[in-house]
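The following note sets out several points for the file. Please read them with the sequence and the coordinates at hand.

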Amino acid sequence: MKFKEIFIVFIYNIIVVAIWAGLAVFFNAWWIALFGILFISIPSTIHRHYRICDSCGAKSAPADSAEEAIRVAEKAGWVHYDEGNRDYCPYCKNK
Ligand SMILES: [Zn+2]
């Protein structure tokens, strides 16, 4: 997770909270602001890339970019085929 991505999520969360707080003030109902919580993003759950095995559906370790995800997966014994953008986990590559 890069600092820049955390910063973007931080700004996004402030905007989301500000919009819902604004609606709460506009309609004079404090509980509307609670809906803002539903739209707040947690940095670790976004901008994560991973490969999915085309045979069994297993997920590789997450990485910060699609290219890095392929590299991380290959280090863990996965096989990536550019043709068809296919991936196979260590268990399925020999089948
Ligand atoms: Zn597999």
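1. The model is predicted, and its largest nonpolar core comprises seven residues, namely C53, A69, I70, A73, W78, Y88 and C89. The chief contributor to this core is helix α2 (residues 66-75), which supplies three residues. As a general matter, nonpolar side chains in soluble globular proteins tend to be buried together.

2. Leaving aside residues up to four places away in sequence, A73 touches R51, S60, W78, H80 and D87.

3. As to secondary structure, the protein has two helices and two strands. Read from the N terminus, the elements follow the order α-α-β-β.

4. The domain assignment divides the protein into domain 1 (3-39) and domain 2 (46-95). The centres of domain 1 and domain 2, taken over C-alpha atoms, are separated by 36 Å.

5. The overall dimensions should be read alongside that division. The radius of gyration of the protein is 20 Å, whereas a compact globule of 95 residues would have one near 12 Å. Along the principal axes, the C-alpha atoms fill a box of roughly 65 × 25 × 20 Å.

6. Of the 95 residues in the protein, 11% are buried. Among contacts with a separation of 6 or more, 37% are between residues 24 or more positions apart.

Key:
Residues are numbered from 1 along each chain as its sequence is written. This is a predicted model: local features need pLDDT of at least 70, side-chain atom pairs count only at pLDDT 80 or more; totals for chains, interfaces and linings use all residues. A nonpolar core is a set of buried Ala, Val, Leu, Ile, Met, Phe, Trp, Tyr and Cys residues joined through C-beta atoms within 7 Å. A residue is buried if 20 or more other C-beta atoms lie within 10 Å of its own, exposed if 12 or fewer, and partly exposed in between; C-beta atoms are placed from the backbone. Helices (H or I, at least four residues) and strands (E, at least two) are DSSP runs, numbered from the N terminus. Two residues are in contact if their C-beta atoms, placed from the backbone, lie within 7 Å. The radius of gyration is taken over C-alpha atoms; the globule rule is 2.2 Å times the number of residues to the power 0.38. Domain bounds come from an automatic or database domain assignment.
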